[in-house]
Amino acid sequence: AGRPPAVSCGPLPAGTGSVWTQHGQLPVPAFAAMRLLVGMPMCPGPGAKSGTVTGELVTPTGAALLRVLTGVEGIDARSDTGDGGVLSTNTFAGSHTFPNFTPIAIGCGAGSKDFVKWPNVMRIVVGDNQIKRTKEPVSHSHAPSSLSSSLKAAPKETGGIANGANKSDIINAATIPKPMAPPASSTSESSALWNTDFVTHVIANIDDMTPEHLSHATEVLLENGALDVWTHPIMMKKGRVAQSLNCLCKSDAKSPGRLLELIFRHTTTLGVRIERNIERATLQRKFVTVIVTCNDDTVSGEISVKIGMLGDDIVSCKAEYDECAKLAISTGLPVQDIARKAEQLAKHKLDA
């Protein structure tokens, strides 16, 4: 009762390259998908014109679902054809010919795979095939009973069929008075108290480096523009004790690539994981330089103190360790005493 009376879609993209299966490396579409695609119109798909390898674009599961839902005849082979009725290489980005209908709801699913030039997004449009011929604006508040039951029965999350979508959103036309703006930062309301930006997170698991060599790699990354670098112990397969090397860098065109090269050159890892566009919130910061005197004012040194500000409030005060350690060596005093004195002087300087 919840199934729409008709389902159609454009030609299915063939994809390029190969895919790894339990039977080894196979060309795409794989054998199972190709068997299900017999009789279903296809097109070259994205990357065919430029030679870009896209991998598998129609899985056996997606092909099976489309074959059952569309009945094969529901796939429109006329979309974006070139001379002589041959499908052009732009079919993927182009234009499935819509039937005569009134759109009622839209479902958009974004897949987890990232392409270079093409968004990995699938769209489903639900509509009424009865065209309303009236001068008054079409009202979407009362959909046909069969369509209403279809919408109510539709799941909240409808993963992609042909492109492996795993995130989706159903939008009812009656609730969209104007195009939706891109979502704002989740922390934009408090931007006056702290700063927000987006960074890239690079992760490598390493189980065959000495701590000294890994420490050197950490220093190299920091000296070459990494925003932060840290390690923590992990347990890998076969009980191997290892370290997870984590690196944060700016989300621009050059930073991740440069740091990736350094990680591959200075560590023993064979691969890394990259997480892009991670939102980060940071306190507003300032540096204060103070003169710390020791041993009855006979020895002194300049120390920089990093101040973290939450609006107008000081919530963090940290003296630079290297400068404190240098003064501690020359005076024989504990480094923590020098750091504490520098931080107190910095707070007094700001209060004044």
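Author: A pocket, as the word is used here, is an open set of grid points where a 1.4 Å probe fits, with protein on both sides within 12 Å along at least five of seven lines, and its lining residues have an atom within 4 Å of a point. The model is a predicted one.

Reader: Which residues line the second largest pocket?

Author: The lining of the second largest pocket consists of R285, K306, K318, A319, E320, Y321 and D322. Strand β13 and helix α6 each supply at least two residues of that lining.

Reader: And how much space lies in it?

Author: The second largest pocket holds about 210 Å³ of space.

Reader: Let us step back. How many helices and strands are there in the protein?

Author: The protein has 7 helices and 13 strands. Of its 352 residues, 32% count as buried.

Reader: What about the accessible surface of the protein?

Author: The accessible surface comes to about 22400 Å², and 55% of that belongs to carbon and sulfur atoms.

Reader: How many of the contacts join residues at least 24 apart?

Author: Counting contacts between residues at least 6 apart in sequence, 63% join residues at least 24 apart.

Reader: Which residues touch the most other members of the largest nonpolar core?

Author: They are V292, I303 and V305, in a core of 17 residues. At least two residues of this core come from each of β11 (273-294), β12 (299-310), β13 (313-319), α6 (321-331) and α7 (335-351). Another core lies apart from it, with 16 residues, including V220, L221, C247 and L262.

Reader: What is I303 in contact with?

Author: Beyond its neighbours within four places in sequence, I303 is in contact with V288, T289, V290, V292, A319, E320, E323, C324, L327, I338 and A342.

Reader: Now T331, please. Where is its place, and why does T331 count as buried?

Author: T331 has its place in helix α6. T331 counts as buried because its relative accessibility is 12%, and buried means under 20%. A polar atom of its side chain lies 3.3 Å from the backbone nitrogen of L333. Not counting residues up to four places away in sequence, T331 touches C294, N295, V299 and I338.

Reader: Is H201 buried or exposed?

Author: H201 is buried, with a relative accessible area of 12%. This residue lies in strand β8 (residues 194-206).

Reader: Which side chain does a polar contact join to that of H201?

Author: The side chain of N246 is joined to that of H201 by a polar contact of 3.0 Å. N246 is also one of the residues in contact with H201 when neighbours within four places in sequence are left aside, and the others are W230, C247, L248, R273, I274, E275 and I278.

Reader: Where is A192 found, and is A192 buried or exposed?

Author: A192 is in the loop between β7 (165-172) and β8. A192 is exposed because its relative accessible area is 61%, and exposed means over 50%. Leaving aside neighbours within four places in sequence, A192 is in contact with Q284 and G311. The C-alpha atoms of A192 and L310 are separated by 8.7 Å, although the two residues are 118 residues apart along the chain.

Reader: Finally, why is K250 called partly exposed?

Author: K250 is partly exposed because its relative accessible area is 48%, and that class lies between buried, under 20%, and exposed, over 50%. K250 belongs to strand β10 (residues 241-250). Its contacts, leaving aside neighbours within four places in sequence, are T200, L227, S255 and P256. K250 and N277 are 27 residues apart in sequence, and their C-alpha atoms are 9.2 Å apart in space.

Notes: Residues are numbered from 1 along each chain as its sequence is written. This is a predicted model: local features need pLDDT of at least 70, side-chain atom pairs count only at pLDDT 80 or more; totals for chains, interfaces and linings use all residues. Side-chain values use heavy atoms; hydrogens and water are left out. Helices (H or I, at least four residues) and strands (E, at least two) are DSSP runs, numbered from the N terminus. Buried means under 20% relative accessible area, exposed over 50%, partly exposed in between (1.4 Å probe, protein chains only). Contact means heavy atoms within 4.5 Å. A polar contact is a pair of N or O atoms within 3.5 Å; within protein, one must be able to donate a hydrogen and the other to accept it, and residues adjacent in sequence count only if both atoms are side-chain atoms. A nonpolar core is a set of buried Ala, Val, Leu, Ile, Met, Phe, Trp, Tyr and Cys residues joined through side-chain atoms within 4.5 Å. Accessible areas come from the Shrake-Rupley method with a 1.4 Å probe; for residues, only the protein chains shown count as cover. On a 1 Å grid over the protein atoms alone, a cavity is a set of points where a 1.4 Å probe fits but cannot get out, and a pocket is an open set with protein on both sides within 12 Å along at least five of seven lines; lining residues have an atom within 4 Å of a point. Grid points are joined across faces, edges and corners, and a volume is the space filled by probe spheres set on the points.
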